[in-house]
Amino acid sequence: MSTQTDTDSRPAIAPAAGAPGAFRGAVAAEWTKLSSVRSTWWTALAGLLVMFASAGQLAIYVANDNTNDDPADDRGIVTVGSVLIDSVEMTQYVVLALGLLAITAEFTSGTIRTTLQCTPSRGRVLLAKAVVTGVVTFVLGLLLGGVGALVARPVLGEWGSAPAAGTIGDIVAVAIYLALIGVLALGLGAALRSAVLTLTALLATLMIVPLSLQEPDIDVLNRIADVFPGVAGGHFLAGDTEPYPSIVGLLLLAGWAGASLLLGRAALRRRDA
Amino acid sequence: MITLRGLTKRFGSTVAVDALTVDIAPGRVTGFLGPNGAGKSTTMRMILGLDRPTAGQALVGGRAYRELRRPLHEVGALLDARAIHPARSGRAHLRAMAHSNGIPIRRVDEVLDTVGLDGRAAAKPGRTLSLGMGQRLGIAGALLGDPPVLMFDEPVNGLDPDGVRWVRQLMRSLADEGRTIFVSSHLMSEMQLTADQLVVIGRGRLLTDAPIGEVIARSTVAVRVRSPHPDGLAALAARLTAAGATVEAADRNELTVVGTTADRVGDLAHELGVRLHELSPHAASLEQAFMELTADSVEYAGGTTEGGQR
């Protein structure tokens, strides 16, 4: 019976000659979706403004500390990169929104059903979103890093140093950090579905919980805090050697991002859309 | 071709779709009818792999939807016309869909043209689209991959009379091209005009799956009988009652018979030698047929046993 009906049904038009694979198609679709809503561009602009303000403010603090009457807080000459890295603390929450909204907006508007109709493989959908979110937040990260460095340099004046290689390295590190945080937000958003819930969970994992753990300054608790994504990312950005080499910080953060994607995929597979 | 085999969906203790086994064949419009909450949308979502069946399976062209790599070439569906990002234009919405399935972008303009959305309407952000425009956009999305199977959930909702007529013609011509058309509606009159086949469900259960003419014919048809011979008519009434029909005497010369066919009444009258002046079946509308089919399931829904558990 099925052979009969299969021949009965019209043959579908073949995909365009040389059409990209299903995964590339999904990536193109995700990019179209992200770039076709204005909020994406407003978010990027907001990120730039926050970076501008944050880097400027932190650079002013350094200059003030060095020139006030209290020699105890003198920090001497700092690198532009270090100011940049401190500014990421604030700026990352704007960047997080990009990863977050890439999935939670689909649940809010109901377009998730269209998305899953187009690409039924939950893993492929989420991976395509991760690629687009990762690339966009990485490029945005480079831009933010550039803006931060350009702002911090003149404000620091005589108290700042900007070795070319070091500064570029810091900018790239910031971009990598933001890309991984963006993907972490995406995976968590897929699992939790609600933007508010996801943002709360992110604030807790990135800031509140590790800060609370570090507060009493107990060795064991500090060690636990060191595993959290924000702290691990911080060690990576700062190029620390303690408590672990910076590369371990990067791997820990990447692990968090990967784990959140797996969690998101499991939720997408299991739950009805 | 859509194949449902024992398709079942439970939400907690509620059975939304109950062991549905149906084949939806190509080349005709199959109407999907049922009272609100009968499980129509849930069934459609399971066919599209959006909801996971608790048991059984839903296959499209012999395969599960989740296994399809470029599903828009196999199945087109309009589920919820409001499911568009509030800030994204209709055109961008369709472009994203086209990209995902390797469909050439020029096809977006083709389907926009087919559904009658001009450039200005397609450039408007989703939040400004009227329900009718949303329906047209959703239908455009369903047509994008030129699929052999199309599903529409309440497609005429929010359309003006012109739009309604257009959707009717579209479904007809798509079916005539040999495609499988599965369309749900709560408007029985609409089904009467478009559908060839009817699948009726109530409380998630299959109530009927038959050609539309048969559904109407099978339902209670009142037969009016008039005769100039009251005695003969009384004899006829007795025979009909004995045969299980319900007979109501309108007056001495007229009967209304329910539960049999005009043919049968005519045969009996002939047998008894009763002269008739009128023998007219009162064809039930699909609406009546539907009410009858779903009466039990609706009654059941209103019952206290089930309602009390909620």
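This passage describes helix packing in chain A and a sheet with its helices in chain B. The model is predicted; local features need pLDDT of at least 70, side-chain atom pairs count only at pLDDT 80 or more, and totals for chains, interfaces and linings use all residues. Residues are numbered from 1 along each chain as its sequence is written, while chains are lettered from A and ligands numbered from 1 in the order in which they are written.

Two helix pairs stand out for description in chain A. Helices (H or I, at least four residues) and strands (E, at least two) are DSSP runs, numbered from the N terminus. Helix 7 (residues 164-192) of chain A packs against helix 11 (residues 246-270) of chain A at about 25°, with axes 7 Å apart. Axes are lines fitted to C-alpha atoms, for helices over the stretch in contact, and angles run from 0 to 180 degrees between N-to-C directions. The angle therefore makes helix 7 of chain A roughly parallel to helix 11 of chain A (under 35 degrees; over 145 is roughly antiparallel, 65 to 115 roughly perpendicular, the rest oblique). On the side of helix 7 of chain A, the contact residues include A:Tyr177, A:Leu180 and A:Val183. Helix 11 of chain A contributes, among them, A:Trp256, A:Ala257 and A:Ser260. Residues are in contact if their C-beta atoms, placed from the backbone, lie within 7 Å. By class, this contact has 15 nonpolar, 3 polar and no charged residues. Ala, Val, Leu, Ile, Met, Phe, Trp, Tyr, Cys and Pro count as nonpolar, Asp, Glu, Lys and Arg as charged, and the others, Gly among them, as polar.

Helix 4 (residues 80-109) and helix 8 (residues 195-214) of chain A pack at about 145°, with axes 10 Å apart. Here A:Leu96, A:Leu100, A:Leu101 and A:Thr104 of helix 4 meet A:Ala195, A:Thr198, A:Leu199 and A:Leu202 of helix 8. The contact has 6 nonpolar, 2 polar and no charged residues.

Chain B holds an open sheet of 4 strands in the order 12-13-11-14, with antiparallel pairing. Strands pair if DSSP finds at least two bridges between them. Strand 12 (246-251) and strand 14 (278-282) of chain B are the edges, each pairing on one side only. The twist averages 20° from one strand to the next. Strand 11 (residues 222-226) and strand 13 (residues 254-258) of chain B are joined by 4 bridges. B:Val225 stands opposite B:Leu255 in strand 13 of chain B.

Helix 9 (residues 230-242) of chain B lies across strands 12 and 13 of chain B, at about 160° to strand 12. Helix 10 (residues 262-272) of chain B lies across strands 11, 13 and 14 of chain B, at about 160° to strand 14.

Key. Two residues are in contact if their C-beta atoms, placed from the backbone, lie within 7 Å.
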